[in-house]
Amino acid sequence: MKKYIAILGFGVVGSGCADVLDTNKKLIAERCGFEIEVKYILDLRDFPQSPYADKIVHDYNVILSDPEVELVAEMMGGSHPALEFSLAAMDAKKSVVTSNKEVVATHGLELLSCAKENAVSYMFEASVGGGIPVIHTIDTSLVQNDIKEISGILNGTTNYILTQMNTAGADFESALKEAQAKGYAEADPSADVDGIDACRKIAILASLAFGKLIPTECIHTEGVRTVARKDVEIAAAAGYAIKLIGRTFADNKNICAYVCPMLVKNNDPLSTVNDVFNGIKINGDAVGEVMLYGRGAGKLPTASAVVSDIINILSGSGVSYSWQKAEGSDIIDFDNVVSKQYIRTSSKSALLDGALDIGGAYITGEMSEAEAEELVKKLNASGADVLARIRILG
């Protein structure tokens with residue numbers, strides 16, 4: 001028995017999805033009891049040298065009007081026309097899977113509502129963590145847990161840059177150029193280095209953990225452009241690694257999510273997640289702390305996650321999540337988030353008496369973001385200019 005699907009977008013992930021389904025066709029059929037065949041591939045381009053050239057179509061209506069196509073795999077990227085195409089597929093009673101974190105983080109409520117109305121599935125394992133099965137883990141293996149917190153390294157590009165700064169003595173600009181040369185960073189790396197990609201991913205994880213989608217504009221987001229080589233060196237000497245961390249937690253049903261560089265103690269397993277790998281820690285009331293680790297991006301790892309969703313849906317195990325919109329009163333203001341602070345100043349100051357001197361910088365006691373901002377203002381006013389401030393995880 002064959003089941004037919006269509007792929008939207010024949011870029012890196014779309015072509016990887018076709019390759020995984022083709023290479024492992026026999027294995028999938030043996031394990032699932034049916035074959036999966038790609039009937040159409042929608043793209044603006046032609047691919048005359050591709051083994052899938054005969055499947056390329058340019059008119060989406062061909063896919064929508066074919067009753068044999070049970071599922072659409074959207075790997076176009078961006079919100080539009082991915083949103084419209086996904087909604088149209090579900091209105092045509094076809095389930096949808098995606099690797100597109102932007103469309104899920106921005107329009108997840110509308111997409112999940114459409115799936116529910118049409119009694120189909122909308123799944124997005126590949127939108128967070130590449131090949132790491134973090135969404136499936138939260139939704140199934142940890143469904144019996146009251147999740148308290150999720151924190152992790154969610155962007156492989158920035159993790160590669162920070163790893164090069166830590167291990168190879170590179171500064172930010174040279175590490176970024178190397179990441180671009182290796183294909184880890186785009187010509188315009190803003191989505192990665194400014195934290196936008198990680199912001200979308202932590203929004204999705206917060207929704208899964210707490211049932212409410214926080215608008216990305218309500219998530220405090222910082223990138224790694226301001227991380228200096230000197231701070232990486234000081235942190236390493238003090239037993240820390242600097243990582244771009246996405247974190248979300250709940251307190252009395254109120255939710256907080258943010259993305260920023262953080263000092264991670266060397267005894268924390270996230271400190272050893274290097275290069276383009278991702279690591280995600282989940283803390284549940286029953287299970288305690290669980291950590292998932294793996295390739296957070298790449299053609300085949302991400303395609304593996306897409307195909308996993310395809311198989312689950314076609315096997316009858318698909319799901320459609322139920323989220324609400326997080327309103328202002330549901331969201332913990334970032335000014336109230338408490339952490340220790342790493343502060344490097346141009347000169348010593350009595351205002352930092354009591355802070356731990358780690359040789360060139362200080363680690364304060366726990367304070368709220370509002371208190372930390374006030375301390376920075378006072379230090380600058382006193383002449384001890386603040387050259388760097390980085391939060392500390394844990």
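## Helix α7

In this predicted model, helix α7 spans residues 156-167; helices are DSSP runs of H or I with at least four residues, strands are E runs of at least two, and both are numbered from the N terminus. Its twelve residues reach 16 Å from the first C-alpha to the last, close to the 16 Å expected at 1.5 Å a residue, where the expected span is 1.5 Å times one less than the number of residues. Residues are numbered from 1 along each chain as its sequence is written. Local features need pLDDT of at least 70, side-chain atom pairs count only at pLDDT 80 or more, and totals for chains, interfaces and linings use all residues, while side-chain values use heavy atoms, with hydrogens and water left out.

At the N-terminal end, N155 caps α7 through a side-chain oxygen 3.2 Å from the backbone nitrogen of T157; a polar contact is a pair of N or O atoms within 3.5 Å, within protein one able to donate a hydrogen and the other to accept it, and residues adjacent in sequence count only if both atoms are side-chain atoms. After α7 comes G169, whose phi is positive, near 70°.

Ten of the twelve residues of α7 are buried, a term for under 20% relative accessible area, with exposed over 50% and partly exposed in between (1.4 Å probe, protein chains only). Among them are G156, Y160, I161, L162 and M165. The elements covering these buried residues include β7 (147-153), α8 (172-181), α11 (229-237) and β12 (277-284), with contact meaning heavy atoms within 4.5 Å.

## Aromatic pairs

The whole structure holds nine aromatic pairs, counted for rings of Phe, Tyr and Trp (its six-membered ring) with centres within 6.5 Å; planes under 30 degrees apart are stacked, over 60 edge-to-face and the rest tilted. Y60 and F85 are stacked because their ring centres lie 4.3 Å apart with planes at 25°. Since Y60 belongs to α3 (residues 60-64) and F85 to α4 (residues 82-91), the pair ties together parts 25 residues apart in sequence. Y60 is buried at 8% relative accessible area, whereas F85, at 21%, is partly exposed.

F124 and Y321 form a tilted pair, 5.1 Å centre to centre with 55° between the planes. F124 is buried at 1%, and Y321 also counts as buried, at 11%. Ring pairs link Y122, F124, Y321 and W323 into a cluster.

## Charges over rings

The charged end of K39 sits over the ring of Y4, 5.4 Å from its centre; this requires NZ of Lys or CZ of Arg within 6 Å of the ring centre and within 35 degrees of the ring normal. K265 lies over the face of Y240, at 4.5 Å from the ring centre.
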